[in-house]
Amino acid sequence: MAARRALKAVLVDLSGTLHVEDAAVPGAQEALKRLRSAPVVVRFVTNTTKESKQDLLGRLRKLEFDISEDEIFTSLTAARSLVEQKQVRPMLLVDDRALPDFQGIQTSDPNAVVIGLAPEHFHYQVLNQAFRLLMDGAPLIAIHKARYYKRKDGLALGPGPFVTALEYATDTRATVVGKPEQTFFLEALRDAGCVPEEAVMIGDGSTGQRTKRRSLRPLT
């Protein structure tokens, strides 16, 4: 049996693991302090698309979490990276609070659709505009496809059902950039300077993703 590599990094989910909206999960601050005492790199990963990284960081600091901006890797970051790679002009179906993370991206005369969690934009007129772009051949980029997520008042619909509706209507398949896509985690680990065999993931599993339970570290 091959020797296991030393643990070098821990990826920690944010929403539902450290906090739920504006409330910290009980005991989360103390647990993070204990984790910080270990000789590992800590990175925080999230599918949150309702706010920019700066707003998210402000929320976490108000909850007394000792986290720096460069430790956070979001699905918005991954979406922007793909938009820049493909050199497209996206129609941004995201919450207005998330728009700062796309600052500098050309969005006039869109030729792509980027969709995240944007309840105030999920109405017929806007979705029909996205539908027409897709029917004209625009690519569909889904920040993630969670079926639901956790709020203080209970579970709520995620962007997944709306992404699936557009896929069904246009007979196309979205490129998904957030969790649980392998590329999302690999990019976060690349930033941490390690490989999957040297990392573990801590999360709550409440995002409604259809995923197999896989450790980032093979049991070998």
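Two exercises on this predicted model follow, each with a worked solution.

**Exercise 1. Work out the strand order of the open sheet, and find which helices lie across E1 and E4.**

Solution. 
- Start with the order. The open sheet has four strands, arranged E5-E4-E1-E12. Their pairing is parallel.
- Next, the edges. Strand E5 (72–74) and strand E12 (199–202) each pair on one side only.
- Then the twist. From one strand to the next, it averages 25 degrees.
- Look at one pair. Strand E1 (residues 9–13) joins E12 through four bridges, in the parallel sense. Here Val-12 stands opposite Ile-202 in E12.
- Now the helices. Helix H1 (residues 28–36) lies across E1 and strand E4 (41–46). H1 runs at about 140 degrees to E4.
- Helix H6 (residues 182–192) lies across E1, E4, E5 and E12. The angle of H6 to E4 is about 150 degrees.

**Exercise 2. Describe the contact between domain 1 and domain 2: how much area is buried, and how many salt bridges and polar contacts are counted?**

Solution. 
- Domain 1 covers 9–75 + 179–202, and domain 2 covers 89–176.
- Over C-alpha atoms, they are 24 Å apart.
- Count the residues. Domain 1 gives 15 residues to the contact and domain 2 gives 14 residues.
- Take the area. The two domains bury about 1400 Å² between them, with 54% of it on carbon and sulfur atoms.
- Locate the domain 1 share. Glu-21, Thr-49 and Lys-50 lose the most area to domain 2 on that side, together 43% of what it buries.
- Check the polar part. Between the domains there are zero salt bridges. Six residue pairs are in polar contact, both residues at pLDDT 80 or more.

How values were computed: Residues are numbered from 1 along each chain as its sequence is written. This is a predicted model: local features need pLDDT of at least 70, side-chain atom pairs count only at pLDDT 80 or more; totals for chains, interfaces and linings use all residues. Side-chain values use heavy atoms; hydrogens and water are left out. Two strands pair if DSSP finds at least two bridges between them. Helices (H or I, at least four residues) and strands (E, at least two) are DSSP runs, numbered from the N terminus. Axes are lines fitted to C-alpha atoms, for helices over the stretch in contact, and angles run from 0 to 180 degrees between N-to-C directions. Contact means heavy atoms within 4.5 Å. Domain bounds come from an automatic or database domain assignment. Buried area is the accessible area (1.4 Å probe) that two parts lose on being put together, summed over both. A salt bridge is a side-chain nitrogen of Lys or Arg within 4 Å of a carboxyl oxygen of Asp or Glu. A polar contact is a pair of N or O atoms within 3.5 Å; within protein, one must be able to donate a hydrogen and the other to accept it, and residues adjacent in sequence count only if both atoms are side-chain atoms.
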